[in-house]
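This report looks at charged side chains and their partners. Please view the sequence and the model alongside the text.

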Amino acid sequence: MNLSSPPGEVRADLLPRDAMRRFHRLRGRRLDRPRRAATLVSLALSAVVHAVTAAVLAAGVLIVVGWGGNVIGWLCGSVPIAIAIWTRPRTVRLPDGAEEVTRAEAPALFEAADRIAGAVGAAPPTAIHLHDRLYRCAHLRPGLRRRPVLLVGLPLLLTLTPRERAGMLGAELARDVSGDPGRGLLVPSALATVGEWRHALTGMRVDGYRDFGDPLVEANSAVKGGRMASQAIGKVTGWILVWPLFLAELALRRLVSAQSQHAVYYADQVAARAVSSRAVVEYVDALVMAESRLTPVMAAARRGETADEIRRAVLSRDAGPGMVAARREKSLAGQAAWQAEPPMALRASLLESAGVEEGSAGLGSGESDRIDAELSRRLARAVRELSRIT
């Protein structure tokens, strides 16, 4: 079974220029971590964003304290305090519906994760969480304690071969050693904060109120124009205030995008040296072909087939390189500029052209079967969930 297409040219017209230039610059090279200087600039910008939030909070507290028991003081001070709380730094959180599986319940899965984490030089996950509806896998450090956690979507796990499962573990665990500033504590929360600031200051709409639609406005009332004028003034004021934060967000997103995409490419090469290039490429192609893989699985689930029957069909399938190449090209369309994740098709093509040495810390069919056995109850539940999706 071969899910990877031969290395080929990538259509430049389907991608943002920055992503394409970065791809061509890195193609065929053995990569290092992103440059430390650029990471420090990202951290400095993030610190400035959080300092603005802290200054707004301090101003609100000073107003409340300075005006004592005055009601106007409380009202004026509560506004910046509420804004600061709304735009506060946030840590990474696990998605709703994630369920932790213990080491005693899934020893084979933990053993494979520990072995491959050691091969890529990452911290082994202290916990593994499973999700019934996610077609993805991620190595996260949620909360303030930032303990390493592996999040595995059961629909994805159900559709992967043993080699692709090894590629999944290798590629996702290698993110922990990739030097990606987007995985830190400051940068992601700073991006979320400037986004909240931008929404709060420019999210107003200037509407024309219809007399019959707004019971507070009568046909000849002057309130209508006054309300429109106040909204317009608020919108213009918001745009004036938001420009410094908008420029900071633009600079930060551009910096983080460049470093994060480089870090993902580097993590793929680290994973390839641990579990083999073919395993990582096939895993990336499995993500590219999500729709093609999930559709027959969901149809089988609605027919009442079991998780074991679906797994047997997965292991017997064969996708030609032409189909994979077409899916890669299709996945390039609609890519946003300065996104943190590089396009999946570029990840696969870059790794195919890198020529890195092959690793052997893979996952055999026997170990993969043991993982299926110990997760059988949860896989069956995931199949039931998929059968309900229309």
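A salt bridge here is a side-chain nitrogen of Lys or Arg within 4 Å of a carboxyl oxygen of Asp or Glu. The model is predicted, so local features need pLDDT of at least 70 and side-chain atom pairs count only at pLDDT 80 or more, while totals for chains, interfaces and linings use all residues. Residues are numbered from 1 along each chain as its sequence is written, and side-chain values use heavy atoms, with hydrogens and water left out.

**Salt bridges**

A search of the whole structure gives 20 salt bridges.

| Pair | N to O distance |
|---|---|
| Arg378 and Glu105 | 3.4 Å |
| Arg183 and Asp176 | 3.6 Å |
| Glu385 and Arg388 | 3.0 Å |

Helices (H or I, at least four residues) and strands (E, at least two) are DSSP runs, numbered from the N terminus.

Arg378 is buried at 5%, whereas Glu105 is partly exposed at 35%. Arg183, the partner of Asp176, is partly exposed with a relative accessible area of 21%.

Glu385 and Arg388 are three residues apart in helix H15, so about one helical turn separates them. Arg388 is exposed, at 52% relative accessible area. Elsewhere, salt bridges with shared partners join Glu99, Glu105, Asp132, Arg378 and Arg381 into one network.

**A buried glutamate**

Glu374 belongs to helix H14 (residues 365-374).

The side chain of Glu374 does reach backbone nitrogens. The backbone nitrogen of Leu109 is at 2.8 Å, and that of Ala108 lies 3.2 Å from a polar atom of the Glu374 side chain. Contact means heavy atoms within 4.5 Å. Leaving aside neighbours within four places in sequence, Glu374 is in contact with Glu105, Ala106, Pro107, Ala108 and Leu109.

Methods: Polar contact = N/O pair within 3.5 Å; in protein donor to acceptor, adjacent residues only side chain to side chain. Buried < 20%, exposed > 50% of the residue type's maximum accessible area, 1.4 Å probe, protein only.
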